[in-house]
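I opened my notebook to look through a structure that is new to me. Here is what I looked up, entry by entry.

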Amino acid sequence: MTTKLVIGTDGEGSGDRALSFATDLAKRIGDCELLVAYVIEWSPYSFQTAEENAQRHKRREEEISTAMERVVSPAVAALKEAGLAASGVVRHGDVANTLNNICETEGGHQIIVCRSSEGGITKRIFGSSTANLVMSATVPVTVIG
Amino acid sequence: MKIMNRALLAAAALGGALPAHAQEAMSLDEKVNSVFAQFTGPFVSLIFAPLPGTSFPWIVLWLVVAASVFTIYFSFVQLRYFGHSISLVKGDYSDPNDAGEVSHFQALATALSGTVGLGNIAGVAVAVGIGGPGATFWMILAGLLGMASKFTECTLGVKYRNEYPDGTVSGGPMYYISKGFKERGLPGGGALAILFSVFCILGALGGGNMFQANQAHAQIAGIVGDYPGWITGLVFAAVVFAVIVGGIKSIANVTEKVVPFMGILYVGAALIILIVNYDKIGWAFGQIFAGAFTGLGVAGGFVGALIQGFKRAAFSNEAGVGSAAIAHSAVRTKEPITEGFVSLLEPLIDTVVICTMTALVITISGQLIFDAETGQYVLNEAGNAIATEGGVGGVALTSAAFGASISWFPYLLAIAVVLFAFSTMISWSYYGLKAWTYLFGEGKTAELIFKIIFCVFIVIGAAASLGPVIDFSDAAIFAMAVVNITALYFLMSIVREELRSYSARLASGEIRKFAH
């Protein structure tokens, strides 16, 4: 049976560490597929002006294409170069919930993420995305320091 | 009206102490006011003309009849689908793959930021100050009926919006009137859409702009002391210009985040006052019900209360006006009617909840002078409104009512008024712009011209006295309703088909909740 690993990346240097760990793990497993996921933090309960709403669809498409172009596609290309089966996905939403949903929908067996780069008040009040993912995920999660 | 009259009197008293240029400035205010009243007078008279042989403005009947017709035509949709509306706002029926698009909640919040504001604070005070607590009853009734009007127009707003190749959208009555009439083979759609756009521009400049600037100035002047209105107008115009022309989104973003917080704070403060005065709530509701049918001595009796209640409700929640259809049309949904369900919560939140709280606080605060012996309210010297403690009216009455229980609240209210006014101006600048671009085409030059005109009217609104401004604001907003509701009568069968189809698929399970 093919093992599917979902790699959550934030496009920062720590995301690269998650990718290299996943590459190493995938090679050890053998029959393995990798899914690089980038989640754009977004809440359906945020407040926007009417003008922002009117342009939202356009902006969303731009955000997805930028994330795909700058973060996901280069990562997928690097994994394929290393001889692995890889694909990518960009989604909007709460990082922890969305990563878990992607994993469930795509039949993933494990999520690999790097340690969260969030800090300050947000982290203290709401907890980091990584911590939230670890607490709520329905599959095993590996956190790379 | 009393606020500014008092302000002018106070300024006259201070005249000797003011430098010469300030005195010239006051005369500039008066000049602006006189020219403004002269130009808008005939339009205002036409919109508020009474029904023959009565003092009842035909426009009020127009709105109430429309809301009642939609309520009956859609078999009390506001009650039957209330729970479903809440589910939609919560996102229960939103496809997770559409995350990042405008959600139902966001469309509702944006529309609310355009409606919740001075209408809830100053407008209610005007209604209760003139029509007595009884006006609240009619305001609540108008709010409940108005939910059906909002449902109708917002469904059509999404169904007939324009979606451009770059992904942006434009929607609103002008689009559903022209497209809907054409689809149904009805003549006159183009002309009606143009007429609506003209009134929408006037409404944006009136209620969405001058009234806001005017009341914000009154509130600031009430705290820092009197000074010429054009100064407030210039400051507001500069900030609005920076946002809508300069594209400085940070100001708009801050406002959009602070305004909901202010709204919650306002409702929270009202709740605290009501809890502290819980023993008077029963009495206040008694006054509301008694006043609704007897007037309790207010000018015009119970008809006066009814007119004020309906007028202020319409001005506050804008049901039937068509502005919300512009705001709600940006939502991403495959089912236009879902936005109709969501939008019907707007009059409920705006009028039934927030306006009622303001009215209750004013009633229990004792600011309205009540003669316990006769059981009637005491009229002011002019005999056109209830006498109040300190002779205040409008936003100053609300401020005094809250201040009677929470001494520092007027300062917070002043900040809230300024922010609400600013937020409403930003919303209405967009509504006006959409009407403008419908008439003159999408383009940077056309947009810039409207935005500059909008900013000029902020200065005029802040400088003019409340009387002509409030009359023109009401007239322009209600003129939009004349065209919009006419069109809704012709197009409501389309909404009924949508409702039938949707409810059948909802019942069969074809439309179901997504697991989040």
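Predicted model: local features only at pLDDT ≥ 70, side-chain atom pairs only at ≥ 80, totals over all residues.

In chain B, the axes of helix 8 (residues 134-159) and helix 16 (residues 336-343) come within 7 Å and cross at roughly 145 degrees. I noted the crossing of helix 8 of chain B and helix 16 of chain B as right-handed.

Next I asked which residues of helix 8 of chain B meet helix 16 of chain B. From helix 8 of chain B I listed B:Lys150, B:Phe151, B:Thr152, B:Cys154, B:Thr155, B:Val158 and B:Lys159. Their partners in helix 16 of chain B are B:Pro336, B:Ile337, B:Glu339, B:Gly340, B:Phe341 and B:Ser343. Sorted by class, this contact has six nonpolar, four polar and three charged residues.

**Chain B as a whole**

Stepping back, I found 21 helices and four strands in chain B. The radius of gyration of chain B is 22 Å, close to the 24 Å that the globule rule gives for 516 residues, so chain B is as compact as a globular protein of that length. Its C-alpha trace spans about 70 × 55 × 50 Å along the principal axes. I also noted that 58% of the 516 residues in chain B are buried.

**Where chain B touches chain A**

Last, I turned to the neighbour: 28 residues of chain B are in contact with 22 residues of chain A. Elements of chain B giving two or more residues to this side are helix 6 (104-115), strand 2 (169-170), helix 12 (249-276) and helix 19 (409-440). Helix 6 of chain B gives the most, with five residues. By class, I wrote down 13 nonpolar, ten polar and five charged residues for the side of chain B that touches chain A.

Terms used. Residues numbered from 1 in each chain as written. Chains lettered and ligands numbered in written order. Rg over C-alpha atoms; globule rule 2.2 N^0.38 Å. Buried ≥ 20, exposed ≤ 12 C-beta atoms within 10 Å, placed from the backbone. Contact = placed C-beta atoms within 7 Å. Nonpolar A, V, L, I, M, F, W, Y, C, P; charged D, E, K, R; others polar. Axes fitted to C-alpha atoms, helices over the stretch in contact; angles between N-to-C directions. Left-handed = near helix turned anticlockwise from the far one by under 90°.
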